[in-house]
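Here's a quick tour of a two-part fold and its ligand.

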Amino acid sequence: MTMNWIELEKIAQEWTYEAANIIKDSLAKPIHIEAKSNPNDLVTEVDRAIESYFFDKISKTYPDHHFLGEEGVAEELESLEGTVWIIDPIDGTMNFVHQKYNFAISVAIYHEGVGMVGIVYDVMSDELFHAVKGHGAYINGKELVPVKERPLHESVIGLNARWIVDGKHSYRNPLLALIRDVRSVRSYGSAAIEIAYVAADRLDGYLSVNLSPWDYAAAVILLEEVGCQASTFQGEPLMLLTPSTVIVGKPHLHKEMISAYLGEEQ
Ligand code: IPD
Ligand code: CA
Ligand code: CA
Ligand code: CA
């Protein structure tokens, strides 16, 4: 059966708005917070409830579709064959816990490894970034125009300062040089929102030394629709089943950041 991706995007949007209401209702009550891999890697019962919400909807409505999510509600996925939903129930959990602001629901639908539908919903600012492959990218129904390039020295890029002060990874010096050369850096605390901001021309680029597929799967579909690029720091395609470095940006800036700063094997 051929899928109508535009119809499927509408359904994914409806579920996203419903999930956002569950999140907003949860803000009125005390939220139970746990740490995962380290004391700053937070998860709440709301992250798990939202992932379960999507898993239940998808498995009941589309029993032949597959599911990949951050909180492990579904069995581990080993291939991207068929139709796969890649979901981050809350991207920016630290913001959700500390600010009750600046977090997103990220929903991507891939078919045979190709991104078909991408939704990033900034819940508290009520901004829905959405795209269907080949049909343009939008914010709340308003089409985004193909991005304009700025030279690197006039570019504003998103990155997390923690990776530089940490000093323990080999990208420290190239990142320091890049930060010195661009106009400025911003750190919003949600990779999905930051990548969506590149598509919306609010940032010129964004990079991270370590992201998981659910952090970027939806947002990179928006990027393609406005002519931006996404890859690993070495310029390789993003794999979607394993964590990696991620660099996104307007095409010339993306190329320059890799060739002049990051591309050499560290
Ligand atoms: C995190 C956010 C953050 C990024 C981290 C991610 P989470 O996702 O996207 O901006 O720097 O690497 O893990 O855990 O809040 O879904
Ligand atoms: Ca997390
Ligand atoms: Ca995330
Ligand atoms: Ca998350």
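In β11, which residue is the bridge partner of V156? It's S184.

## Ground rules

This is a predicted model, so to speak of a local feature we need pLDDT of at least 70, and side-chain atom pairs count only at pLDDT 80 or more, while totals for chains, interfaces and linings use all residues. Residues are numbered from 1 along each chain as its sequence is written, and chains are lettered from A and ligands numbered from 1 in the order in which they are written.

Strands here are DSSP E runs of at least two residues, helices are H or I runs of at least four, and both are numbered from the N terminus; two strands pair if DSSP finds at least two bridges between them.

Zooming out, five strands make an open sheet with mixed pairing, ordered β11-β10-β12-β14-β13. At the edges sit β11 (184-186) and β13 (229-231), each pairing on one side only. From one strand to the next, the twist averages 20 degrees.

Helix α9 (residues 251-262) lies across β12, β13 and β14 (244-249), and runs at about 135 degrees to β14. Axes are lines fitted to C-alpha atoms (for helices, over the stretch in contact), with angles from 0 to 180 degrees between N-to-C directions; contact is C-beta atoms, placed from the backbone, within 7 Å.

## Two domains, face to face

The domain assignment gives domain 1 (5-143) and domain 2 (152-262); such bounds come from an automatic or database assignment. Their C-alpha centres are 21 Å apart.

Across the join, 30 residues of domain 1 are in contact with 23 of domain 2. On the domain 1 side, β6 provides the largest share, six residues. By class, that side has 17 nonpolar, eight polar and five charged residues. (Nonpolar is Ala, Val, Leu, Ile, Met, Phe, Trp, Tyr, Cys and Pro; charged is Asp, Glu, Lys and Arg; the others, Gly among them, are polar.)

## Where the ligand sits

Ligand 1 lies between the two domains, because both give residues to its shell. Among the residues around ligand 1 are E70, D88, D91, N160, S208 and D215, where a shell residue has its C-beta atom, placed from the backbone, within 6 Å of the molecule. The elements giving two or more residues are β4 (83-91) and β12 (205-211). The shell has two nonpolar, six polar and four charged residues.

Note on methods. Two residues are in contact if their C-beta atoms, placed from the backbone, lie within 7 Å.
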